Structures are given as C-alpha cells and as structure tokens.
Amino acid sequence: MTMRRMRFGLNQIEVWVPPTGKAYSTERIDCKETGASGIYMQINDRPSERVIFWLYGGAYLSGDCVGNLGTAEMVARKTNCDVFLAEYRLLPEHEFVDCIKDAHDAYNYLLTVKKVQPSNVFMFGISSGGGIAVYLMQDLAKAARDKLPRAAVLMCPFVEYTEPKGSLVHYVKHDLIVTQSVYAVGIPYLAKKLGSHENRVKESPVFRPFESLPPLCVVISEHECCYDMTISLVNNARAQGVNVEIAVWKYLCHVFPMLSAMIPEGKEAINYMCEWMKHH
C-alpha cells in the first residue's frame with residue numbers, strides 16, 4: 001500500500017455512489033475571507049434552512065470532497081438538507097493542527113458567510129472526519145458554546161491516537177477498508193506527527209472534555225478497528241452528560257455505511273442516521 005493508492009481508492013467512492021447530477025447547484029468554495037475550502041451542494045431550488053457540515057474520512061492521510069459527494073447528496077436528500085463538504089489539509093504534507101484549523105475555518109464560513117444558524121447545522125463526521133467533528137465541537141464548547149451545532153452524526157469515528165491496541169490491532173487482519181497494509185502505512189505517520197505519548201493523549205478527542213456537546217448519533221461495527229475507541233467515546237460522553245445514541249452492527253468493516261451501494265447493512269445504517277437527524 002502507498003499513499004497514492006490510498007488517496008486514489010477513497011476518491012473512487014464516487015464510482016460506487018455517484019452524484020445524481022440533479023442537485024440545484026454544486027458550488028466549489030475557496031473563500032479568502034475565512035480560509036474555507038470545500039463543496040457546497042444546494043439540493044432544491046430554495047436553500048434549505050438546515051445544513052449538513054460534512055467531514056470526510058481517510059485517517060488524516062487521504063479522502064476528499066469529490067469522493068464523498070454522492071453519499072453526501074444521498075444523505076442530504078433523505079434529510080431535506082443542503083450539505084457543505086469541508087476540505088482540509090492532509091498528513092504527511094501538513095500537520096495535525098492544520099486539519100483542525102481548516103475545519104474551524106470551514107465551519108466559520110458556514111456561519112458567517114452562508115449565514116446558517118448553528119442550531120440548524122448537523123455535523124457529519126466519517127472515521128477521522130468524526131474525530132475532527134468531535135475535536136471541533138470540544139473547542140467550541142470551551143470557547144464559543146453559542147456556535148455549537150444542533151447535533152452530530154459520527155460514522156465509525158477514529159478518535160484515539162495513542163499507541164494502537166485492542167480492536168485497532170486485532171481487526172485489521174480481516175477489515176476490507178483498514179487492511180494490514182493501510183494500518184502499516186498510516187499509523188507511523190500519525191505517531192510521527194503527534195510525537196510523545198502525552199501529546200497523543202492530549203490530541204485524542206476521546207480523552208478531551210465532552211461537557212456541553214450536543215446530541216450525538218454514533219454508528220459502528222462491533223468487528224472493526226475503531227470499535228473499542230468508539231465505545232470509550234460513548235461512555236465518556238454519557239458520563240459527562242451528553243445525549244448519545246449508538247447503533248452497532250456485527251461482522252462488518254470500517255465505515256461500512258459508505259458501501260451502501262453494495263451491502264444492505266450499509267443502506268440500513270444510512271437510513272438509521274438520516275431518520276435520527278430528521279427527529280432532531
């Protein structure tokens with residue numbers, strides 16, 4: 001496995017779930033004022049009051065807006081929302097802090113330029129994007145609680161960056177997405193960027209404060225690499241008063257809802273997340 005192959009593979013998600021081409025508008029965003037980049041998709045002829053703030057996954061090493069566009073459109077249509085797919089810089093060319101800064105800039109663009117009320121924003125984070133979503137909300141809870149989103153959906157969130165253990169070690173042996181070769185390439189990069197054990201704990205969303213976070217919907221497979229850290233996240237958040245709903249499927253790979261075009265469980269999970277959003 002190489003970095004180039006990882007990035008190509010995640011970009012090709014759009015082959016499985018392509019955009020319909022029927023959205024009212026799909027706009028490339030490069031805002032000098034806020035530093036935000038990404039793709040904004042308006043589904044119908046009138047802007048939706050509610051907007052999904054979409055953070056793609058890829059272990060901080062890969063992933064992009066284009067590869068996620070079809071799945072994001074599907075979720076947006078099912079929930080009657082528009083969607084902003086935020087773009088963020090990747091490792092190893094950039095630093096972990098750059099990923100977080102870009103997410104902040106993109107979220108600020110949504111609130112200040114698009115004038116979307118925080119109470120009308122759903123964060124939607126996939127794998128490492130789920131980690132960024134949690135980190136961003138934790139920052140907002142500390143410094144700007146009035147800017148916290150309405151709620152957040154976390155798909156198989158990658159939220160602990162300490163030395164690998166448990167499901168992160170054992171389930172890569174049979175995972176279709178986070179394979180042993182992906183694990184071998186990705187983990188050393190993250191370890192190098194974050195440095196000491198103490199700093200890796202400090203930067204792991206699972207160990208940061210959860211107080212005041214909005215309701216969370218978490219989807220995970222019991223037999224995938226991020227299962228243990230996801231259960232820790234759910235327990236820690238609930239212990240600090242956060243309303244968390246979790247749905248667990250068995251015998252499925254990491255980010256299995258992204259395979260909704262191939263497996264019925266993926267469709268079930270997408271529908272589950274969409275129904276949760278519609279009722280929040």
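Predicted model: local features only at pLDDT ≥ 70, side-chain atom pairs only at ≥ 80, totals over all residues.
Q: What is the strand order in the open sheet?
A: The eight strands follow the order S1-S2-S4-S3-S5-S6-S7-S8, with mixed pairing. Strands are DSSP runs of E with at least two residues, helices are runs of H or I with at least four, and both are numbered from the N terminus. Two strands pair if DSSP finds at least two bridges between them.

Q: Which strands stand at the edges?
A: Strand S1 (25-31) and strand S8 (244-249) do; each has a single partner strand, so one side of each is left without a neighbour in the sheet.

Q: How do S1 and S2 pair?
A: S1 and strand S2 (residues 36-42) are antiparallel, with seven bridges. Glutamate 27 has tyrosine 40 in S2 as its bridge partner.

Q: And S3, which way do its residues point?
A: Val51, Phe53 and Leu55 point one way, Ile52 and Trp54 the other, and all are buried, meaning under 20% relative accessible area, where exposed is over 50% and partly exposed is in between (1.4 Å probe, protein chains only). In a regular strand the side chains alternate between the two faces of the sheet.

Q: Which strands does S3 pair with?
A: S3 runs parallel to strand S4 (residues 82-86), joined by four bridges, and it also pairs in the parallel sense with S5 over five bridges. Tryptophan 54 has leucine 85 as its bridge partner in S4, and valine 51 has valine 121 in S5.

Q: What sits in the largest nonpolar core?
A: That core has 103 residues, and Phe53, Trp54 and Phe124 have the most contacts inside it. Helix H4 (residues 96-112) gives the most to this core, with nine residues. A nonpolar core is a set of buried Ala, Val, Leu, Ile, Met, Phe, Trp, Tyr and Cys residues joined through side-chain atoms within 4.5 Å.

Q: What does asparagine 68 contact?
A: Leaving aside neighbours within four places in sequence, asparagine 68 is in contact (heavy atoms within 4.5 Å) with Trp54, Tyr56, Leu85, Ile126 and Met258. Asparagine 68 lies in helix H3 and is buried, with a relative accessible area of 3%.

Q: Changing topic, how many salt bridges are there?
A: The count is 13, where a salt bridge is a side-chain nitrogen of Lys or Arg within 4 Å of a carboxyl oxygen of Asp or Glu.

Q: Where are lysine 114 and glutamate 27, which meet in one of them?
A: Lysine 114 is in the loop between H4 and S5, and glutamate 27 is in strand S1, 87 residues apart. Their N to O distance is 3.8 Å. Lysine 114 is partly exposed at 29% relative accessibility, and glutamate 27 is partly exposed at 38%.

Q: How far apart in helix H3 are glutamate 73 and arginine 77?
A: Being four residues apart, glutamate 73 and arginine 77 are separated by about one helical turn. Their side chains form a salt bridge at 2.9 Å, N to O. Glutamate 73 is buried, with a relative accessible area of 2%, whereas arginine 77 is partly exposed at 36%.

Note on methods
Residues numbered from 1 in each chain as written. Heavy atoms only, no water.
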